[in-house]
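Subject: Handover of a structure and notes on its contents

Dear colleague,

Please find the structure below, together with its sequence. My notes on what was found in it follow.

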Amino acid sequence: MLLLTRIVVVVLVCLSLVSSGMGCGPGRGYGRRRHPKKLTPLAYKQFIPNVAEKTLGASGRYEGKITRNSERFKELTPNYNTDIIFKDEENTGADRLMTQRCKDKLNSLAISVMNQWPGVKLRVTEGWDEDGHHFEESLHYEGRAVDITTSDRDKSKYGTLSRLAVEAGFDWVYYESKAHIHCSVKAENSVAAKSGGCFPGSASVTLQDGRRKQIKDLRVGDRVLAADDKGSLVYSDFIMFLDRDQVSMREFYVIETESDQKITLTAAHLLFVAGGNSNSNATDKAPARTTRAVFASDVRPGQSVFVFDGARSRLEAVAVRRISTREHEGSFAPLTAQGTIVVDQVLASCYAVIEDHSLAHWALAPVRFGHWLSSLLSTPSSSSSSSPQSLVTSQKDGVHWYSKVLYELGTWLLDSHTIHPLGMSMYSS
């Protein structure tokens, strides 16, 4: 009876904390709208992100031309949004055809345009190209690119239109000419587009007794190497997996440092980097005030990540030498009490998708409190199947229900640029 009472207390406390977090979380509250932020227009010939269009950090590689007779033609879907004007000079409806990802971003942009300039609509001058009017390997041939203007063709608006396209989530936006803006997206079948924020199961962590353990083998009660908010190394309780998938193939970024450490993680996962572009001689203590958490897909060679120096038992800032991608079977997103974790000797956040480590850590406070409370109330004689802790942290494979709740709140409370464009399809699958 005492054990049952303890379980009920834990559940009620956790549910009350979740409810209160939903009501007064970060961003705007119920019945209150956030003031629109000031938009910085793109300059003529500027593109965001500042990398080539068909690279990992932007829309990705060209995958081949789609024709009406090809098998891949089924990847294209028509866009009949009445809030968008399609030029359709070929009179074939080709400009309305695009991938679903491109359609979603375009529809989002159409709303932003109408909000920004009442009475003005988004206009598409070029969409899918089946006639070979663009340069070789243009993403227009795959339905992954659109050229846009405003319906009033007011060129003074195009810088702001470019910025709105960035905010709408296009993977690459280019203020290409005085006549239009070019926007493109990643391929629909990109493995990265189906992943959230995880590590491969074979990635290793360091336990308090000095042993190394693969992430897939972590169990509640393990204490793993992490860092506190001042950059000091600590051993932190492993609480649960925010996501656990043992079979799916996903694409991971492999970030290699000048000292030969490699950390492997998905595009939307947060990784700590030293502020600014550091060189290989950097020895900044981590994480300091100049440290920031960025998406793995935004890390660039020359930036410094924080590597565990076992000889001196501290973290050192070491420059990134090379970035590549690789597919792995299985993906795991461990959560520790500190919200950080040292994986394959490199310090990472436990969080993903939302580009704000502190905000994510705050949002997971109810889970940490529930873990602490259940550990406090549990008895040594409690079995793992009936302990309060198992009710708080247990889960089947897949995304944890609390992560799903936070994402739904995040899409409502946060600006779109704060959410990684690749990371959330798993929450709606």
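**Salt bridges**

Arg68 counts as partly exposed because its relative accessibility is 38%. In these notes, buried means under 20% relative accessible area, exposed means over 50%, and partly exposed lies in between, all with a 1.4 Å probe and protein chains only. Please note that this is a predicted model, in which local features need pLDDT of at least 70 and side-chain atom pairs count only at pLDDT 80 or more, while totals for chains, interfaces and linings use all residues. Residues are numbered from 1 along each chain as its sequence is written, and side-chain values use heavy atoms, with hydrogens and water left out.

A search of the whole structure finds 18 salt bridges, a salt bridge being a side-chain nitrogen of Lys or Arg within 4 Å of a carboxyl oxygen of Asp or Glu. One of them joins Arg68 to Glu130, with 2.8 Å between the closest N and O atoms. This pair links distant parts of the chain, 62 residues apart: Arg68 belongs to the loop between β1 (47-48) and β2 (77-78), and Glu130 to the loop between β5 (122-126) and β6 (145-150). Helices (H or I, at least four residues) and strands (E, at least two) are DSSP runs, numbered from the N terminus. Glu130 is likewise partly exposed, at 23% relative accessibility.

A salt bridge is also formed by Arg223 and Asp237, whose closest N and O atoms are 2.8 Å apart. Here the partners are 14 residues apart, with Arg223 in strand β11 (residues 223-227) and Asp237 in strand β12 (residues 233-257). Arg223 is partly exposed, with a relative accessible area of 32%, and Asp237 is partly exposed at 26%.

Arg321 forms a salt bridge with Glu258, and the closest N and O atoms of this pair are 4.0 Å apart. Because Arg321 lies in strand β17 (residues 314-336) and Glu258 in the loop between β12 and β13 (262-265), the pair ties together parts that are 63 residues apart in sequence. Arg321 is partly exposed at 30%, as is Glu258 at 38%. Salt bridges that share partners join Glu256, Glu258, Asp260, Arg321 and Arg322 into one network.

**Backbone features**

Asp260, a member of that network, has a phi near 75°, a positive value in a residue other than glycine. Asp260 is found in the loop between β12 and β13 and counts as exposed, at 52% relative accessibility. Ser313 also has a positive phi, near 50°, and is not glycine. Its place is in the loop between β16 (304-309) and β17, and Ser313 counts as exposed because its relative accessibility is 52%.

The peptide bond between Ile48 and Pro49 is cis, with omega about 0°. Pro49 is placed in the loop between β1 and β2.

**Helix α2**

Helix α2 (residues 100-116) has 17 residues. An α-helix has 3.6 residues a turn, so residues three or four places apart point the same way.

**Strand β6**

Two strands pair if DSSP finds at least two bridges between them. β5 and β6 pair in the antiparallel sense over 4 bridges, and Leu122 stands opposite Thr150 in β6. β6 is also joined by 4 bridges to strand β8 (residues 180-184), again running antiparallel. In β8, Ile181 is the bridge partner of Ile148.

**Cysteines**

How many disulfides does the structure hold? The number is 0, a disulfide being a pair of cysteine sulfur atoms within 2.5 Å. Cys198 is buried, with a relative accessible area of 0%, and Cys350 counts as buried at 1%.

Yours sincerely

Technical notes. The expected span of a helix is 1.5 Å times one less than its number of residues.
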